[in-house]
Amino acid sequence: MDQAKGLRQMAKTSAMQKRERNKASNGSSYPRVIAVTSGKGGVGKTNIVGNLAVAMTRLGKRVVIIDADVGLANIDIVFNLRPKYNIRHLISGEKTLSQVMVKTDHGIGILPGGSGFADLTRFSEGEKLTLLSEFEAFSDMADIILLDTGAGISSNVLYFNASADQCLVVATTEPTSITDAYALMKVMSQGYGIKHFKLVVNMADNRTGAKKVYGSLSNAMDKFLKNVVLEYCGHIPFDPALQKAVRNRSILMDTVKHSPAADAVSDLAKTLLNDSRTNQNQGNLTFFMNRVFAAAQ
């Protein structure tokens with residue numbers, strides 16, 4: 001009980017200190033946390049995260065990617081990196097954030113995944129404090145934090161999605177992807193009170209096909225989910241250049257100046273950066289992780 005009280009006090013004190021630093025600085029706030037998720041695997045979510053991060057850095061933002069895809073962590077593969085440590089070493093206290101994090105040539109920080117988030121409900125109070133303390137360091141090194149979550153409705157996926165400022169759902173035109181995307185948003189809205197989602201349709205043949213996906217999801221949500229908003233953020237067309245980049249373990253944004261998919265990702269980055277935070281996250285990163293842990297109770 002004393003440890004839990006200390007955890008809450010630490011978050012409160014850290015938040016107050018952060019607000020004071022913000023007032024004294026140029027008015028910037030703590031990093032925006034964007035969860036990129038999907039109801040079904042195989043929709044190209046991780047590649048979107050990698051290219052989105054590069055697009056955002058080119059727009060002048062400092063970006064950190066947290067690989068929260070338990071068991072299938074692979075954002076390092078997209079950037080052709082071979083990290084020595086992962087988030088498990090951070091949670092255990094074996095390594096510090098600076099030792100675990102790797103940097104890409106773009107300056108993007110990556111916190112590699114692994115089995116660290118295998119079961120948030122089993123974290124000890126000491127492990128929570130360690131993670132909270134380390135996460136606070138992100139406040140000074142990033143403007144945007146992209147969470148590459150797993151697919152589906154596992155507990156950890158829901159915890160991170162529900163705690164982020166924005167939740168970007170990736171779907172394709174495949175019926176199973178659409179059905180699973182709806183199931184994900186239904187569980188999050190009914191179980192966690194999330195009322196605003198963003199949608200990007202990946203590997204679409206054209207805008208018309210992507211809009212049909214949005215229309216199908218939006219109609220179902222209007223009919224069965226009360227006061228839940230789905231915002232259309234565009235589509236990323238099927239692009240041979242992207243498929244080639246995936247095979248070569250490279251980032252599309254690095255291999256071509258312009259291609260249908262690269263241009264679409266750039267537009268998506270601008271859309272997300274221009275939008276205000278849409279969910280309940282009003283604290284700093286310590287509060288973000290506190291919400292994650294609270295959801296896991």
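Begin by selecting Ser177, which is found in helix H8, where helices are DSSP runs of H or I with at least four residues, strands are runs of E with at least two, and both are numbered from the N terminus. This is a predicted model, in which local features need pLDDT of at least 70 and side-chain atom pairs count only at pLDDT 80 or more, while totals for chains, interfaces and linings use all residues. Residues are numbered from 1 along each chain as its sequence is written, and side-chain values use heavy atoms, with hydrogens and water left out.

Is Ser177 buried or exposed? Ser177 has a relative accessibility of 1% and therefore counts as buried, a word that means under 20% relative accessible area, with exposed meaning over 50% and partly exposed lying in between (1.4 Å probe, protein chains only). Now show the partners of Ser177: leaving aside neighbours within four places in sequence, Ser177 is in contact with Lys40, Val43, Ala171 and Thr172, contact being heavy atoms within 4.5 Å.

Next, select helix H7, residues 155–163, together with helix H8, residues 175–192; the two pack at an angle of about 70°, with their axes 11 Å apart. The axes are lines fitted to C-alpha atoms, for helices over the stretch in contact, and angles run from 0 to 180 degrees between N-to-C directions. H7 and H8 are therefore roughly perpendicular to each other, the word used for 65 to 115 degrees, whereas angles under 35 count as roughly parallel, over 145 as roughly antiparallel and the rest as oblique. To see where they touch, select Val157, Leu158, Tyr159, Asn161 and Ala162 in H7, which meet Leu184, Val187, Met188 and Tyr192 in H8.

From there, move to Thr149, whose place is in strand E5, residues 144–151. Thr149 counts as buried, because its relative accessibility is 1%. Leaving aside neighbours within four places in sequence, the contacts of Thr149 include Val157 and Asn161, along with Phe160, Ala68 and Asp69. Select Val36 as well: Thr149 and Val36 are 113 residues apart in sequence, yet 6.2 Å apart in space, C-alpha to C-alpha.

Then pick out two cysteines: Cys167 is buried at 0% relative accessibility, and Cys233 is buried with a relative accessible area of 9%. The structure holds zero disulfides, a disulfide being a pair of cysteine sulfur atoms within 2.5 Å.

Finally, display the whole chain, which has 13 helices and eight strands, and in which 53% of the 297 residues count as buried.
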